[in-house]
Amino acid sequence: MKNIVVLISGNGSNLQAIIDACAQQRINGVLRAVFSNKAEAYGLERAREAGIPAHALTAGQFASREAFDRALMQEIDAYAPDVVVLAGYMRILSPAFVAHYSGRLLNIHPSLLPKYPGLHTHRQALDNGDEEHGTSVHFVTDELDGGPVILQAKVPVFAGDDEEVITARVQHQEHAIYPLVVGWFVDGRLTMKDNAAWLDGARLPAQGYAAEE
């Protein structure tokens, strides 16, 4: 069984989706540990309730981002992860961290990348009058939210929608596609090479699996 480590910063709803998928054997892996950069993150409680080791490392304990990431890597590596999953982890990772886990570091971002990297994606979609919005699972590289896209899910944007409504609509899709992609990875179907995502030996298009091209 492949080992999974998840990094969070907050509520951990995507973490819960992965916990549930492992329990239901939709992911053929073991969630070995959960780490957060916020000790009060509710996702840590979700992990404890599932019997998963839960750890908090806060930035104030360390002199620099690099020192923080070195300590985090050491603690993660104690669980021999085959894949490290970012699920609402809100720290920018150092190049050394990204390089250490290159090809086995996944993230989910609440936009249809390459649109709206960074923060406040739902607000930007509303402010720009977008008719559709969504979420993207991608491999992590040094470029912020810029790694190869694996899978996207689209949602409609309706007149009268606000950020809360859009957030809920997008998260519903996130909870479906993130466990699916993690499952692909632990089954050995998904890899990153030549700065692209590959599924079942085929290079995926820029917008990921099943993209309309």
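**Sheet, helices and annotated sites in the predicted model**

Strands of a sheet pair through backbone hydrogen bonds, either parallel or antiparallel.

An antiparallel pairing is found between strand S8 (residues 190–193) and strand S9 (residues 196–199), which are joined by four bridges. Leu190 stands opposite Leu199 in S9. The two strands form a hairpin with two residues between them, and Asp194 in the turn has a positive phi of about 55°.

Helix H1 is largely enclosed by the rest of the structure, because eight of its eleven residues are buried. The buried residues of H1 are Ser13, Asn14, Leu15, Ala17, Ile18, Ile19, Ala21 and Cys22. Their cover includes the strands S1, S2, S4 and S5 as well as the helices H2 and H6. Just after H1, Gln25 takes a positive phi of about 60°.

The largest nonpolar core has 36 residues. Those with the most contacts inside this core are Ile4, Val6, Leu31, Val34, Ile150, Tyr178 and Val182. Helix H6 (residues 163–186) contributes the largest share of the core, seven residues. A second, separate core has 19 residues, including Phe68, Tyr89, Leu93 and Val98. In soluble globular proteins, nonpolar side chains tend to be buried together.

When residues up to four places away in sequence are not counted, Tyr178 touches Asn14, Ile18, Val85, Leu86, Ala87, Leu106, Asn107, Ile108 and Val137. One of these, Asn107, has its place in strand S5 (residues 105–109). Asn107 is buried, as its relative accessible area is 10%. With residues up to four places away in sequence again not counted, Asn107 touches Leu86, Ser136, Val137, His138, Val140, Asp145 and Tyr178.

The annotation "binding site" in the unreviewed UniProt entry covers Gly12, Ser13 and Asn14. The lining of the largest pocket includes Gly12, Ser13 and Asn14. Gly12 is located in the loop between strand S1 (2–8) and helix H1 (13–23). With a relative accessible area of 8%, Gly12 is buried. Leaving aside neighbours within four places in sequence, Gly12 is in contact with Gly43 and Arg46. Asn14, by contrast, is found in helix H1. Asn14 counts as buried, at 7% relative accessibility. Residues up to four places away in sequence not being counted, Asn14 touches Ala87, Ile108, Glu174, His175 and Tyr178.

The feature "active site" is placed by UniProt, in an unreviewed entry, at His109. This residue lies in strand S5. The relative accessible area of His109 is 5%, so the residue is buried, the limit for this class being under 20%. Leaving aside neighbours within four places in sequence, His109 is in contact with Tyr116, Pro117, Gly118, Thr121, Thr135, Ser136, His138 and Asp145.

Terms used. Residues are numbered from 1 along each chain as its sequence is written. This is a predicted model: local features need pLDDT of at least 70, side-chain atom pairs count only at pLDDT 80 or more; totals for chains, interfaces and linings use all residues. Side-chain values use heavy atoms; hydrogens and water are left out. A nonpolar core is a set of buried Ala, Val, Leu, Ile, Met, Phe, Trp, Tyr and Cys residues joined through side-chain atoms within 4.5 Å. Buried means under 20% relative accessible area, exposed over 50%, partly exposed in between (1.4 Å probe, protein chains only). Contact means heavy atoms within 4.5 Å. UniProt positions are given in the numbering used here, feature names are shortened, and annotations may be inferred rather than shown by experiment. On a 1 Å grid over the protein atoms alone, a cavity is a set of points where a 1.4 Å probe fits but cannot get out, and a pocket is an open set with protein on both sides within 12 Å along at least five of seven lines; lining residues have an atom within 4 Å of a point. Two strands pair if DSSP finds at least two bridges between them.
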